[in-house]
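Thanks for making time this morning; I would like to walk you through one structure, beginning with a single position and then widening the view.

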Amino acid sequence: MSDETYRSIELTKIGDARFKATNARGGETFMGSGGLDPDFTPVELLLAAIAGCSAIDVDLITAKRGTSTRFGILAGGDNVRDEDGNHMTGLRLTFDVAFPEGPEGDAAREFLPRAIAMSRDRLCTVSRTVQLGADVTYEQA
């Protein structure tokens, strides 16, 4: 792996079933088991990562044509347990994006379906990794 392509975070336990993730730039986010604390669960973080990745793609592409007046995504799916173990099925992103009236808004609105398809089919690293599958190696330090 090269320094240009390698990505990592450090995860540290901060309480009962609570963890802090820190990236190389010093940013932090928190996760937990979904109990009483407000932290995201790992599954919620997965959904947020897919939605966030596609949101950045689509916003950057459509902003070249016109600035959105509303931009939201609902990300969801079913958390199931079956013969393959625990996993998500039926992952779906629903984009709620609006643009102002006028030529720029019209251009952005017209390009929106293509921008969403571009993110889904080749740009969003997170959803592409889920779609294509990737080996995950577990090892002990």
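T41 counts as buried because its relative accessibility is 16%, where buried means under 20% relative accessible area, exposed over 50% and partly exposed in between, with a 1.4 Å probe and protein chains only. What you are looking at is a predicted model, in which local features need pLDDT of at least 70 and side-chain atom pairs count only at pLDDT 80 or more, while totals for chains, interfaces and linings use all residues. Residues are numbered from 1 along each chain as its sequence is written, and side-chain values use heavy atoms, with hydrogens and water left out.

As for where T41 sits, the residue lies in the loop between strand 3 (28-32) and helix 1 (42-63); helices (H or I, at least four residues) and strands (E, at least two) are DSSP runs, numbered from the N terminus. If we set aside its neighbours within four places in sequence, T41 is in contact with G32, S33 and G34, contact meaning heavy atoms within 4.5 Å.

Let me move to the start of the chain. Strand 1 (residues 9-15) and strand 2 (residues 18-23) run antiparallel and are joined by 6 bridges, and two strands are said to pair if DSSP finds at least two bridges between them. G15 has R18 of strand 2 as its bridge partner, and the two strands form a hairpin with 2 residues between them, where A17 in the turn has a positive phi of about 55 degrees.

Stepping back to the whole protein, there are 3 helices and 5 strands, and along the sequence they follow the pattern β-β-β-α-β-β-α-α. The C-alpha trace spans about 55 × 35 × 30 Å along its principal axes, and buried residues make up 22% of the 141 residues. Among contacts with a separation of 6 or more, 39% come from residues 24 or more positions apart.

Finally, what does a search of the whole structure find in the way of disulfides? The search finds 0 disulfides, a disulfide being a pair of cysteine sulfur atoms within 2.5 Å. Turning to individual cysteines, C53 counts as buried because its relative accessible area is 15%, and C124 is also buried, at 0% relative accessibility.
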